[in-house]
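User: I am new to reading protein models. Please take me through this one, step by step.

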Amino acid sequence: MDIETASPDHATAIARLAEQAFDVWTPRIGRRPAPIAEDFPARIEEGRVRVLRQDGVMAGYAVVTPSADGFHIDAVAVDPARQGQGLGRRFLSHLEAEARARRAPRVTLQTNAEMDTNIAFYLWAGYAETGRVVEDGFRRINFEKALG
């Protein structure tokens, strides 16, 4: 497993992976999940996209927002064909290590309230729910993990 900062030539593959990973939730949410519509070229240009590779093949991606008061994971996904192998757990651990290296006191993230397996995963990984909001018509749950 290798993780690198995305380059412009990754944009199409990342958009395709986002579609594969998140479109499964469309029937439950009632519309396409927000990560599918992300402007990947812009986020890549900002240096905010990480690519997960397994055996030289793109297996996942994350969009992150480092800030002075924390490290926010805007989206994280693993190729559905590669899920269940521990890649998501290891990828999340890597992102947390990046946050620690930046001296962030915490990692925050948000998921749709309908994404029950994602919610269970974040709770299992030590994240605590900090609130629920409705943004852009999506019901979202906020999570946080203190880094220490």
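Predicted model: local features only at pLDDT ≥ 70, side-chain atom pairs only at ≥ 80, totals over all residues.

User: Where is Ala6 placed, and is Ala6 buried or exposed?

Analyst: Ala6 sits in the loop between strand S1 (2–5) and helix H1. Helices (H or I, at least four residues) and strands (E, at least two) are DSSP runs, numbered from the N terminus. Buried means under 20% relative accessible area, exposed over 50%, and partly exposed in between (1.4 Å probe, protein chains only). The relative accessible area of Ala6 is 8%, so Ala6 is buried.

User: Which residues does Ala6 touch, beyond those up to four places away in sequence?

Analyst: Contact means heavy atoms within 4.5 Å. With residues up to four places away left out, Ala6 touches Ile14, Ile44, Val49, Arg50 and Val51.

User: Why does Arg48 count as buried?

Analyst: Arg48 lies in the loop between helix H3 (40–45) and strand S2 (49–54). Arg48 counts as buried because its relative accessibility is 18%.

User: Which side chain makes a polar contact with the side chain of Arg48?

Analyst: A polar contact is a pair of N or O atoms within 3.5 Å; within protein, one must be able to donate a hydrogen and the other to accept it, and residues adjacent in sequence count only if both atoms are side-chain atoms. Not counting residues up to four places away, Arg48 touches Arg43, Ala62, Val63, Val64, Thr65 and Asp74. The polar contact, at 3.0 Å, is with the side chain of Asp74.

User: How far does helix H4 reach from its first C-alpha to its last?

Analyst: H4 has 15 residues. The expected span of a helix is 1.5 Å times one less than its number of residues. For H4 that gives 21 Å, and the reach is close to it, at 21 Å.

User: What is the relative accessibility of Leu87?

Analyst: Leu87 is in helix H4. Leu87 is one of the buried residues there, which also include Phe91, Leu92 and Leu95. Leu87 counts as buried because its relative accessibility is 1%.

User: How much space lies in the largest pocket?

Analyst: On a 1 Å grid over the protein atoms alone, a cavity is a set of points where a 1.4 Å probe fits but cannot get out, and a pocket is an open set with protein on both sides within 12 Å along at least five of seven lines; lining residues have an atom within 4 Å of a point. Grid points are joined across faces, edges and corners, and a volume is the space filled by probe spheres set on the points. For the largest pocket, the volume is about 500 Å³.

User: Which element gives the most to the lining of the largest pocket?

Analyst: Helix H1 (11–22), strand S4 (70–78), helix H4 (87–101) and helix H5 (116–124) each supply at least two lining residues. The most, five residues, come from H4.

User: Which residues lie closest to the centre of the second largest pocket?

Analyst: The second largest pocket holds about 420 Å³ of space. Of its 21 lining residues, the closest to the centre are Ala34, Pro35, Asp74, Gln110 and Arg140.

User: Which side chain makes a polar contact with the side chain of Arg140?

Analyst: Arg140 is in strand S7. Arg140 is buried, because its relative accessibility is 13%. At 2.9 Å, the side chain of Arg140 makes a polar contact with the side chain of Glu135.

User: What is the phi of Asp55?

Analyst: Most residues other than glycine have a negative phi. Asp55, in the loop between S2 and strand S3 (57–67), has a positive phi, near 55°.

Methods
Residues numbered from 1 in each chain as written. Heavy atoms only, no water.
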